[in-house]
Amino acid sequence: MSRTTFFEVEVLDPKTKKQLCFLDKVDPNSTVGDIKSRFHKSYPHWYPARQALKLDPNGKSLRDEEILQNLPGGTTATMYFTDLGPQLGWTMVFLAEYIGPLIGYLLFYFRIPYIYSHRYAFTSSPYLVVTLACVCHTCHYIKRLIETIFVHRFSQGTMPLRTIVKNCAYYWSFSAWLAYYINHPLYTPPSYGELQVKYALIIFVICELGNFSIHLSLNNLRGDGSKGRRFPVPNKNPFTWLFYFVSCPNYTYEVGVWVSFSIMTQCLPVAFYAFLGFIQMSIWARGKHQAYSREFKDYPSLRVAMIPLIL
């Protein structure tokens with residue numbers, strides 16, 4: 001019988017190089033996640049999600065699933081610990097980000113006191129487009145909340161609390177900015193009237209359905225119990241056929257949602273928000289597209305990141 005060679009793991013502070021923890025008789029098949037769990041026993045206030053372990057103080061953080069014996073360094077591993085700060089699970093992150101815009105917009109729509117002049121308190125706009133905009137905005141964020149609770153699959157990943165505060169400030173403040181102008185008593189309807197509103201509304205609904213369909217498709221990617229990673233492909237749902245051309249059609253549809261909403265309302269703050277969203281989502285899409293291309297040898301060469309044949 002062959003004897004198991006156990007490992008030793010030393011955890012250091014990256015700045016002072018002071019030893020924080022020394023683990024002996026560590027099974028070579030232990031994962032980085034297992035190391036974090038044992039480190040947590042020595043420092044209960046640093047739970048695993050709050051820890052980042054690196055082989056080099058300035059290097060990348062090790063993934064939880066990485067196996068100890070596959071790491072460079074032999075049977076004695078030196079790791080450097082970084083405190084990521086308080087964390088919050090992804091479900092709570094999205095709930096916090098989306099509930100604010102949902103409620104905040106409605107406060108402007110119903111014109112509660114102290115937002116506009118007192119004589120406009122609890123009055124309503126005479127324009128149908130204002131009501132349609134409220135319905136569209138509300139349905140958009142209700143859809144996001146439903147997806148967060150019932151559709152999206154989250155790993156054990158978390159987000160730092162300080163980042164959550166920043167993200168919430170972004171979503172909440174932009175939503176209030178849009179709502180202020182769209183529901184303002186002096187708001188005027190789009191230049192081309194009902195025709196502009198009608199066609200923009202149709203595009204909005206199509207993009208919302210498309211976005212939801214893509215999220216369902218991504219959720220079902222491992223629905224057959226497969227453990228291996230696969231890239232998404234089109235199915236019988238026509239909204240998923242965009243996968244023939246782009247890697248992240250969910251972002252394509254999301255951009256379409258906000259572009260159509262800006263056309264419907266003809267509101268400059270909405271257009272600016274759509275532009276910022278396009279920039280951020282294009283960055284995410286490029287990253288995912290490149291990751292798919294590196295990981296899968298048979299990845300479709302026709303696909304681009306987000307905009308068919310362009311980006």
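Biologist: Are α3 and α5 roughly parallel or roughly antiparallel to each other?

Modeller: First a caution: this is a predicted model. As for the general idea, two packed helices are described by the angle between their axes and the distance between the axes. Here the axes of α3 and α5 cross at roughly 0° and come within 12 Å. Angles under 35 degrees count as roughly parallel, and α3 and α5 are therefore roughly parallel to each other.

Biologist: Which residues of α3 and α5 meet?

Modeller: From α3, the residues are V129, L132, C136, H140, K143, E147 and V151. They meet V197, L201, F204, E208, N211, F212, H215, L216 and N219 in α5. By type, the contact of α3 with α5 has nine nonpolar, four polar and three charged residues.

Biologist: What lines the largest cavity?

Modeller: The lining consists of C136, H137, H140, F204, V257, W258 and F261. Two of the elements there, α3 and α6, each give two or more residues. Five lining residues are nonpolar and two are polar, with no charged ones. The volume of this cavity is about 30 Å³, and the count of cavities of 30 Å³ or more comes to one.

Biologist: Now the open space. How much of it lies in the largest pocket?

Modeller: About 2,000 Å³. The pocket is lined by 44 residues, and those closest to its centre are F94, H152, N250, Y251 and K288. Two or more lining residues come from each of α2 (90–109), α3 (128–151), α4 (161–182), α5 (193–219), α6 (249–265) and α7 (268–295).

Biologist: Which helix gives the largest share of that lining?

Modeller: That is α7, with eleven residues.

Biologist: Which parts does the pair of Y251 and W284 tie together?

Modeller: Y251 belongs to helix α6 and W284 to helix α7, so the pair ties together parts that are 33 residues apart in sequence. Y251 is also one of the residues closest to the centre of the largest pocket.

Methods
Residues are numbered from 1 along each chain as its sequence is written. This is a predicted model: local features need pLDDT of at least 70, side-chain atom pairs count only at pLDDT 80 or more; totals for chains, interfaces and linings use all residues. Side-chain values use heavy atoms; hydrogens and water are left out. On a 1 Å grid over the protein atoms alone, a cavity is a set of points where a 1.4 Å probe fits but cannot get out, and a pocket is an open set with protein on both sides within 12 Å along at least five of seven lines; lining residues have an atom within 4 Å of a point. Grid points are joined across faces, edges and corners, and a volume is the space filled by probe spheres set on the points. Helices (H or I, at least four residues) and strands (E, at least two) are DSSP runs, numbered from the N terminus. Ala, Val, Leu, Ile, Met, Phe, Trp, Tyr, Cys and Pro count as nonpolar, Asp, Glu, Lys and Arg as charged, and the others, Gly among them, as polar. Axes are lines fitted to C-alpha atoms, for helices over the stretch in contact, and angles run from 0 to 180 degrees between N-to-C directions. Angles under 35 degrees count as roughly parallel, over 145 as roughly antiparallel, 65 to 115 as roughly perpendicular and the rest as oblique. Contact means heavy atoms within 4.5 Å.
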